[in-house]
Amino acid sequence: MTAELVAGIDSSTQSTKVVVCDAATGEIVRTGRAPHPDGTEVHPDAWWAAFQEATNGVLDGVKAVGVGGQQHGMVTLDENNDVVRPALLWNDTRSAQAALDLIEELGGPSAWAKSVGSVPVASFTVTKLRWLAENEPRLADRVARVLLPHDWLTWKLTGGDPVTDRGDASGTGYFSPSDNAYRLDVLSHAFGGRTPELPTVLGPADAAGHTPGGVLVSAGTGDNMAAALGLELKPGDAVVSLGTSGTVFGVAETGAADVSGEVAGFADATGRFLPLACTLNAARVLTATASMLGATLSEFDRLALTAEPGAGGLTFLPYLDGERTPNLPGATGSLAGLTRDNMTPENLARSAVEGMLCGLAAGLDAVRAHGLDVQRVLLIGGGAQSRAVRAVAPLVFGVPVQLPEVAEYVALGAARQAAWALSSSAEPPSWQENQKLRLELDEPTEAQRAEGHRIQQRHLEAREAAYGVRRNLGED
């Protein structure tokens, strides 16, 4: 019997990736890919062009498709559904001051955490709308509808009314995942009294509609929520993803409401919650440091592995693109503890790896404080391919670290959601049998955990000395 096929789309910051899977087993049968323009603002038409290129000849026989999109991006449409301005992406930090203003105007961090589960930072859509209202008021006046990147692509596929899902909506700053409702009062306040139309929030297994060719389109979701679906996360699992950004997340039965702002109280794509900590600086810390050293990535790994743990006392704060956690959008990278003795290429390479991972270890501690019992870390993303990262991660994280088989987990999760919508089942299909661990790293010894703790502590002390913060936002 011919297998039913479903497709998942990952429309990320850098590219569109497509996987076509057997709906019953998750076995990948075809793939596609196309690049996106570089930058922190992009016209949505570029995503559609990349989608068409990536799916050319790939979707034959597909019965259902789902879209996982980069979170937070601001897509603005006018009353004719024409794009008002290029979309501001999650990594556009021009709205950093707007975030601070909104926090102060609407009751401080605790009020935000209580109302929408998260304290806004520059990446959130709500802050970008405030920036637009203040800096481009004529364009803001034209805005009739606001979508997220995955919403826009889903709408383009169906041609129907715009829809979204609870997971992606929870990253806007004007949706309450606990109440499953938009906070239109927050939206209106942020956007200068304007209340543009928002997409309807669908349930996890709902269909958004069909393409003109009759292919079912699922609700879609945000990229982190799709990755959680693709990895089929269980209690005790925490994902550390090393891509353009670094993320730490796991599934929970209750929503987080972190007053410090370090943990975003997102929803997942199954009806549960997805507490998440995010850093702006991840895999590109490694490539940038390798470039500075005039080394290939393989040579960079060799240098980092030659140095002793702790890099001879050298501490690298890798805030090369500002930072989101802690909320330091104007920060720059810095080296602390530099001496004549430790000023070597080996120590610099090692300190870059340790610095990047220490930022994510702080994220692990933060999600633990909000109910995640982290028993193992699943390490994914391009940065996980580094031999140096694999060596240092168990030391810094202090728990068993496993590397799942290399896969496009956002696209895989979107495909799994499409299969769920196609089946109308109460739960998403289990594709676990087709998922294999590519590598299980050695569990850290007590001595290694102690060394990792010392490295983390030095990183926190350097951060406090440079920026006066140990956490993202203090109690108000």
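Trainee: At what angle do helix H10 (residues 283-292) and helix H12 (residues 345-368) pack?
Mentor: In this predicted model, their angle is about 170 degrees, and their axes are 9 Å apart. Helices here are DSSP runs of H or I with at least four residues, strands are E runs of at least two, and both are numbered from the N terminus. Axes are lines fitted to C-alpha atoms, for helices over the stretch in contact, and angles run from 0 to 180 degrees between N-to-C directions.

Trainee: What makes H10 parallel or antiparallel to H12?
Mentor: Under 35 degrees counts as roughly parallel, over 145 as roughly antiparallel, 65 to 115 as roughly perpendicular and the rest as oblique. The angle is about 170 degrees, so H10 is roughly antiparallel to H12.

Trainee: Which residues of H10 and H12 meet?
Mentor: Contact means heavy atoms within 4.5 Å. Ala-283, Val-285, Leu-286, Thr-289 and Met-292 of H10 meet Leu-348, Ala-352, Val-353 and Met-356 of H12.

Trainee: How do H9 and H14 lie to each other, and how do you know?
Mentor: Helix H9 (residues 223-231) and helix H14 (residues 409-423) pack at about 75 degrees, their axes 6 Å apart. That value falls in the 65 to 115 range, and H9 and H14 are therefore roughly perpendicular.

Trainee: How many salt bridges does a search of the whole structure find?
Mentor: There are 22. A salt bridge needs a side-chain nitrogen of Lys or Arg within 4 Å of a carboxyl oxygen of Asp or Glu. Take Arg-376 and Asp-237: their closest N and O atoms are 2.7 Å apart, and the pair forms a salt bridge. Arg-376 is in strand E22 (residues 376-380) and Asp-237 in strand E16 (residues 237-242), so they tie together parts 139 residues apart in sequence.

Trainee: Where is Glu-136 found?
Mentor: Glu-136 sits in the loop between helix H4 (125-135) and helix H5 (137-142). Aside from neighbours within four places in sequence, Glu-136 is in contact with Arg-85 and Trp-131.

Trainee: What is the mean pLDDT of the protein chain?
Mentor: The mean is 93, with 97% of residues at 70 or more; pLDDT is the predictor's confidence in each residue, from 0 to 100. Over residues 471-476, though, the pLDDT is below 50. Where pLDDT is low, predicted coordinates should not be read in detail.

Mentor: Two reading notes. Residues are numbered from 1 along each chain as its sequence is written. In this predicted model, local features need pLDDT of at least 70, side-chain atom pairs count only at pLDDT 80 or more, and totals for chains, interfaces and linings use all residues, while side-chain values use heavy atoms, leaving out hydrogens and water.
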